[in-house]
Amino acid sequence: MNDDHRHDDSHDHGSELSEMQLRVRALETVLTEKGYVDPAALDAIVDAYETKIGPRNGARIVAKAWTDPEFKRRLLADATAAVRALGHESRVGDHLTALENTPKRHNMVVCTLCSCYPWEVLGLPPVWYKSAAYRSRAVKDPRSVLADFGVKLPDDTEVLVWDSTAESRYLVLPMRPAGTVGMSEDQLAELVSRDSMIGTGLAKTPGAH
Amino acid sequence: MQSVRDIPRDSDGPVFREPWEAQAFAMALSLNQRGVFSWKEWAATLGDEIKKAQAAGDPDTGETYYRHWLAALERMVAEKGLADARTLSRTRDAWEHACARTPHGTPIELQPNDFGDA
């Protein structure tokens, strides 16, 4: 395990396939021969995650919740159904819950076991979400993790940490920033960062970075 | 890219760093959609592979995540009786053989004689 943490390609010769590439090709060959996977379907999945499914989906949901009280009510009551109604079908988990941040309560999401994450609304998890450091520290000391991400909350704001599982995944509904009265949903969606929907960030203030 | 204390950070970062990661990801999704395993089973297996790797000295910074993903996939495929470890390893060796005989810049294709005398 020690010498192959970077890329494997350095110690290959001839045409080059890394150990990881060889194993993946072997799996794909065997599963395709037996009819368990279809290479074209695999390409379609990869294409969707690389180009269509990502945190912009979640940002539009948050912006809609900020501007449409009826949608917000439905989102908080049953996020799975509210999100499905917008065309974001979950293919990878059962239940999605939206957690509303307020001045009194800040929600933050982790998966201590592996990397359970609301893929259909946020795409694939960022690398830090999958790290042991985040997975353990988010639970033990969420305020110090927030400080690392540059987030300082008032002392009287309660911080709640939610541990995702394959069955229960979470989308944080960040607070709508000040100075956004009259903005359109599209403009508001631009203020919603991926991290703000995991709870390691806040929505951006207009004009600030 | 910045690293604040021990939590690696990225600014939206690439979805997959290398094509094999994407292929391994898509195969797991595909098998789940076919009902070969549930996400609950998957999360348990992946979590277990991550723990094993950590115990074996993996820094577990998230960079090696898809290695664990692939290990979980191979294990699940064997446990569910789709393909045993021997078949996978024989096919892996065949790809290596195909790779060695293929000149640079030419697509690598698997042929029956890559499987040797096994």
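**Before you click**

This is a predicted model, in which local features need pLDDT of at least 70 and side-chain atom pairs count only at pLDDT 80 or more, while totals for chains, interfaces and linings use all residues. Residues are numbered from 1 along each chain as its sequence is written, chains are lettered from A and ligands numbered from 1 in the order in which they are written, and side-chain values use heavy atoms, with hydrogens and water left out.

**Stop 1: chain A**

Select chain A and you'll find 10 helices and four strands. Helices here are DSSP runs of H or I with at least four residues, strands are runs of E with at least two, and both are numbered from the N terminus. Follow the sequence along and the pattern reads α-α-α-α-α-β-β-α-α-α-β-β-α-α.

How many of its residues are tucked away? Of 209 residues in chain A, 52% are buried (buried is under 20% relative accessible area, exposed over 50%, partly exposed in between, with a 1.4 Å probe and protein chains only). Among the contacts in chain A with a separation of 6 or more, 66% link residues 24 or more positions apart; a contact means heavy atoms within 4.5 Å.

**Stop 2: chain B**

Now select chain B, which has four helices and two strands. Start at the N terminus and the order is β-β-α-α-α-α. Chain B has 118 residues, and 49% of them are buried. Its accessible surface comes to about 5,900 Å², with 51% belonging to carbon and sulfur atoms. For contacts with a separation of 6 or more in chain B, 43% are between residues 24 or more positions apart.

**Stop 3: where the two chains' first helices meet**

Two packed helices are described by the angle between their axes and the distance between the axes. Select residues 19–33 in chain A and residues 19–33 in chain B: helix 1 of chain A and helix 1 of chain B pack at about 30°, with axes 9 Å apart. (Axes are lines fitted to C-alpha atoms, for helices over the stretch in contact, and angles run from 0 to 180 degrees between N-to-C directions.)

Show side chains next. From helix 1 of chain A come Met20(A), Gln21(A), Val24(A), Leu27(A), Glu28(A) and Leu31(A), and they meet Trp20(B), Gln23(B), Ala24(B), Met27(B) and Leu31(B) of helix 1 of chain B. That contact divides into eight nonpolar residues, two polar and one charged. (Ala, Val, Leu, Ile, Met, Phe, Trp, Tyr, Cys and Pro count as nonpolar, Asp, Glu, Lys and Arg as charged, and the others, Gly among them, as polar.)

Stay on helix 1 of chain A and pick Thr29(A). Buried or exposed? Thr29(A) is buried, at 12% relative accessible area. Beyond its neighbours within four places in sequence, Thr29(A) contacts Thr91(B), Trp95(B) and Leu110(B).

**Stop 4: helices 2 and 3 of chain B**

Select residues 39–55 and 65–79 of chain B, which are helix 2 and helix 3, packed at about 125° with their axes 9 Å apart. That angle makes the pair oblique (under 35 degrees is roughly parallel, over 145 roughly antiparallel, 65 to 115 roughly perpendicular, and the rest oblique). Residues in this contact include Trp42(B) and Leu46(B) from helix 2 and Trp69(B) and Met76(B) from helix 3.

Click Ala72(B), in helix 3 of chain B. Ala72(B) is buried, with 0% relative accessibility. Leaving out residues up to four places away in sequence, Ala72(B) touches Trp42(B), Thr45(B), Leu46(B) and Glu49(B).

Now click Leu70(B), also found in helix 3 of chain B. Leu70(B) has a relative accessible area of 0%, so it is buried. What does Leu70(B) touch, not counting residues up to four places away? Look for Met20(A), Arg23(A), Val24(A), Leu27(A) and Trp20(B).

**Last stop: the loop**

Finish at Asp60(B), in the loop between helix 2 and helix 3 of chain B. Asp60(B) has a positive phi of about 55° although it is not a glycine. With a relative accessible area of 3%, Asp60(B) is buried.

Technical notes. Areas by Shrake-Rupley, 256 points an atom, 1.4 Å probe, with all protein chains shown as cover.
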